[in-house]
Amino acid sequence: MRLRPAPEGWSFEAVAVGDSCLFHLRGDALLRAFPLGGAGLFGSHPDLLGAA
């Protein structure tokens, strides 16, 4: 994830590998979930990054 200042506040870029998830919360509110927006969207074959 890369976080940087933007005219409207902050912006971010992120890459999801395997079963990683990113959640943007403010207080008790979920503002954004990445890469998937709901539990029903998860499967059993995530994209993986091999390491030698």
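Read along the sequence, the protein chain runs β-β-β-β. That comes to 0 helices and 4 strands; helices (H or I, at least four residues) and strands (E, at least two) are DSSP runs, numbered from the N terminus. This is a predicted model, in which local features need pLDDT of at least 70, side-chain atom pairs count only at pLDDT 80 or more, and totals for chains, interfaces and linings use all residues. Residues are numbered from 1 along each chain as its sequence is written, and side-chain values use heavy atoms, with hydrogens and water left out.

**Surface and contacts**

- The protein chain has 52 residues, and 4% of them count as buried. Buried means under 20% relative accessible area, exposed over 50%, and partly exposed in between (1.4 Å probe, protein chains only).
- The protein chain exposes about 4700 Å². Carbon and sulfur atoms supply 58% of that area. Accessible areas come from the Shrake-Rupley method with a 1.4 Å probe; for residues, only the protein chains shown count as cover.
- Take the contacts (heavy atoms within 4.5 Å) between residues at least 6 apart in sequence: 15% join residues at least 24 apart.

**Salt bridge**

- The structure holds 1 salt bridge, defined as a side-chain nitrogen of Lys or Arg within 4 Å of a carboxyl oxygen of Asp or Glu.
- Arg4 pairs with Glu13 in a salt bridge, with the closest N and O atoms 2.2 Å apart.
- Arg4 is partly exposed because its relative accessibility is 34%. Glu13 is partly exposed too, at 37%.

**Second largest pocket**

- The volume of the second largest pocket is about 160 Å³. Grid points are joined across faces, edges and corners, and a volume is the space filled by probe spheres set on the points.
- A pocket is an open set of points on a 1 Å grid over the protein atoms alone, where a 1.4 Å probe fits, with protein on both sides within 12 Å along at least five of seven lines; lining residues have an atom within 4 Å of a point.
- Its lining consists of Met1, Leu3, Trp10, Ser11, Phe12, Leu22, His24 and Arg26. β2 (9-13) and β3 (22-26) are the elements that give two or more residues to this lining.
- By class, the lining has 5 nonpolar, 2 polar and 1 charged residues. Ala, Val, Leu, Ile, Met, Phe, Trp, Tyr, Cys and Pro count as nonpolar, Asp, Glu, Lys and Arg as charged, and the others, Gly among them, as polar.

**Ala14**

- Ala14 sits in the loop between β2 and β3. Its relative accessibility is 24%, so Ala14 counts as partly exposed.
- Leaving aside neighbours within four places in sequence, Ala14 contacts Met1, Leu22 and Phe34.
- Ala14 and Phe34 are 20 residues apart in sequence, and their C-alpha atoms are 8.1 Å apart in space.
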